[in-house]
Amino acid sequence: MESLPKSGLYYPNNLARITLLALEDVMGTNGVNALLNLANHRELIGNFPPDNMEAQFDFADLSGIIGSLDDMYGARGSRVLALRAGIATFDETLKNIGEAVDVKDESFVAMPIVEKMRVGLSLVGITFTQSTKNIPTISEDDSHFIYSVAYCPICWGRTTAEPSCHILTGLLKGALKWVTQGTEFNVSQNTAHSCGAPTCDFIIPKEPAS
Ligand SMILES: [Zn+2]
């Protein structure tokens with residue numbers, strides 16, 4: 001796809017790096033090289049961002065790469081790859097950043113599952129706030145959490161037919177699975193910037209997936 005105008009908002013280098021490594025894992029080196037070529041980011045071929053938390057990777061660049069993933073694989077194929085990349089991003093980076101939380105500690109294990117979910121979601125939120133000055137809001141009612149992102153690095157500057165910030169869906173799924181020691185939740189996205197909404201909203205049922 002065409003390059004998007006720069007946003008002036010930045011994603012941490014290592015989250016961008018892990019996203020590209022995870023995509024390389026599922027698409028192969030040739031696949032990810034073709035993707036970066038299509039996205040007009042040849043400078044990243046064999047030269048992924050450095051492994052540090054400096055916020056230097058423009059949202060527009062990440063969004064453009066994900067847009068090209070849609071172009072290459074279609075919405076459905078792209079969704080599968082991006083979800084896997086999102087889960088891997090959590091597993092490889094945020095989990096370590098959140099090492100202040102010992103999910104195997106007795107007192108943590110004994111907590112109600114909804115309490116653990118609150119910890120997991122706020123862990124993702126805190127990491128993004130620190131690294132991108134982008135503050136997600138987390139609200140809840142009796143049956144669901146809503147994780148809401150005002151400045152989204154995944155769909156920045158693009159228009160999509162449906163909400164499709166699957167990397168973030170994957171990140172949230174990964175976080176919830178980790179804090180609950182393996183429980184799966186059906187995280188879904190119901191609004192997106194790329195569909196004209198003011199925020200990208202993710203809905204998380206408090207009941208685990210059956
Ligand atoms: Zn988005």
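This is a predicted model: local features need pLDDT of at least 70, side-chain atom pairs count only at pLDDT 80 or more; totals for chains, interfaces and linings use all residues.

I'll take the metal site, then a helix, then the salt bridges, then the surface.

Start with the metal. Which residues coordinate the zinc ion? Four cysteines, each through SG: Cys152, Cys155, Cys165 and Cys200. The distances run from 2.2 to 2.4 Å. The geometry is tetrahedral, with angles of 96 to 117° among the four donor atoms. For reference, the ideal angle for four tetrahedral donors is 109.5 degrees.

Now look at the spacing in sequence. The donors follow the pattern C-x2-C-x9-C-x34-C. Cys152 sits in the loop between strand S4 (144-149) and helix H5 (166-179), while Cys200 belongs to strand S6 (residues 200-205), so this pair ties together parts that are 48 residues apart in sequence. Are Cys152 and Cys200 buried or exposed? Both are buried.

Next, helix H5 itself. H5 has 14 residues. From first C-alpha to last, H5 reaches 20 Å, close to the 20 Å expected at 1.5 Å a residue. H5 is also mostly covered, with 13 of its 14 residues buried. After H5 comes Gln181, and its phi is positive, near 55°.

A quick stop at strand S5 (residues 188-191), where we find Gln189. Gln189 counts as buried, at 14% relative accessibility.

On to the charges. How many salt bridges does the structure hold? Six.

Number one on my list is Lys6 with Asp61, at 2.8 Å from N to O. Lys6 lies in the segment before strand S1 (10-12) and Asp61 in helix H2, so the bridge ties together parts 55 residues apart in sequence. The two ends differ in cover. Lys6 is exposed, at 58% relative accessibility. Asp61 is buried, with a relative accessible area of 12%.

The next one also involves H2. Arg158 forms a salt bridge with Asp70, and the closest N and O atoms are 3.6 Å apart. Arg158 comes from the loop between S4 and H5, and Asp70 from helix H2, so parts 88 residues apart in sequence are tied together. Arg158 is buried, with a relative accessible area of 8%.

Now Glu140 and Arg118. Their side chains meet in a salt bridge, 2.8 Å from N to O. This pair links distant parts of the chain: Glu140 is in strand S3 (residues 137-140), Arg118 is in helix H4 (residues 113-132), and they are 22 residues apart. What else belongs to the network around them? Glu115 and Lys206: salt bridges that share partners join these two with Arg118 and Glu140 into one network. As for cover, Glu140 counts as partly exposed at 37% relative accessibility. Arg118 is partly exposed too, at 31%.

Last, the surface. Leu38, Met72 and Tyr73 make a nonpolar patch of about 240 Å². Met72 lies in helix H2, which spans residues 59-97. Met72 is partly exposed, with a relative accessible area of 33%.

To recap the metal: four cysteine SG atoms hold the zinc ion, and the site is tetrahedral. That's my tour; over to you.

Key. Residues are numbered from 1 along each chain as its sequence is written. Side-chain values use heavy atoms; hydrogens and water are left out. Donors are N, O and S atoms within 2.8 Å of the metal (3.2 Å for Na, K and Ca); water is not among the atoms, so sites may look incomplete. Four donors count as tetrahedral if all angles lie between 85 and 135 degrees; four count as square planar and six as octahedral if opposite donors are over 155 degrees apart and all others between 65 and 115; anything else is irregular. Helices (H or I, at least four residues) and strands (E, at least two) are DSSP runs, numbered from the N terminus. Buried means under 20% relative accessible area, exposed over 50%, partly exposed in between (1.4 Å probe, protein chains only). Patches are made of residues with over 30% relative accessible area and no salt bridge: like charges are joined within 9 Å, nonpolar side chains (Val, Leu, Ile, Met, Phe, Trp, Tyr) within 5 Å. Accessible areas come from the Shrake-Rupley method with a 1.4 Å probe; for residues, only the protein chains shown count as cover. A salt bridge is a side-chain nitrogen of Lys or Arg within 4 Å of a carboxyl oxygen of Asp or Glu. The expected span of a helix is 1.5 Å times one less than its number of residues.
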